[in-house]
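Here are some notes to read with the sequence and the structure side by side. Please take the points in order and find each residue as it comes up.

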Amino acid sequence: MVQQVYTLLVQVGRKEGDGLPEGATGAALVCYAAGRDQDEAVRETVAILKQADLAPLEVQAYGTLDERLAEGHEVPDEERALMDRARDENSVIVAQFEPFFDEPDHG
């Protein structure tokens, strides 16, 4: 079966040695993951993030490039290049990393 690349949004929590910034409560990562199917892409991504001392909590899958385009998503060339790289290298590419911080209570 041909490898596909899936767009995944992974939320991670805190874990000792995770490398997240001080004061962060977790992070969101946009990943492009190669796999024979979406389940394999999710499993591989979670395994790699755990090896990197991150604590995956939730994974939302947004499908393949074709599925995203069919849903009307705009996919810029930079994203497509990262997807191609994930497919060519049969790997997981972390394209975006956004730490979460608790907002101070103003209330």
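Is Thr 45 buried or exposed?

1. In this predicted model, Thr 45 has a relative accessibility of 0%, and because buried means under 20% relative accessible area, Thr 45 counts as buried. Its place is in helix 1, which covers residues 38–51. When neighbours within four places in sequence are left aside, the contacts of Thr 45 are Leu 8, Val 10, Cys 31, Ala 33 and Val 92.

2. Ile 48 also lies in helix 1, but with a relative accessible area of 35% Ile 48 is partly exposed. Between Ile 48 and Ile 93 there are 10 Å from C-alpha to C-alpha, although the two are 45 residues apart in sequence.

3. The largest nonpolar core has 14 residues, and among those with the most contacts inside it are Leu 8, Val 10 and Cys 31, three residues that Thr 45 contacts. At least two residues of this core come from each of strand 1 (4–13), strand 2 (24–35) and helix 1, while strand 2 gives the most, with five residues.

4. Val 12 is also one of the residues with the most contacts inside the largest core. Leaving aside neighbours within four places in sequence, Val 12 is in contact with Gly 26, Ala 27, Leu 29, Leu 54, Ala 55, Pro 56 and Leu 57.

How values were computed: Residues numbered from 1 in each chain as written. Predicted model: local features only at pLDDT ≥ 70, side-chain atom pairs only at ≥ 80, totals over all residues. Heavy atoms only, no water. Helix = DSSP H or I, 4+ residues; strand = E, 2+ residues; numbered from the N terminus. Buried < 20%, exposed > 50% of the residue type's maximum accessible area, 1.4 Å probe, protein only. Contact = heavy atoms within 4.5 Å. Core = buried A, V, L, I, M, F, W, Y, C linked by side-chain atoms within 4.5 Å.
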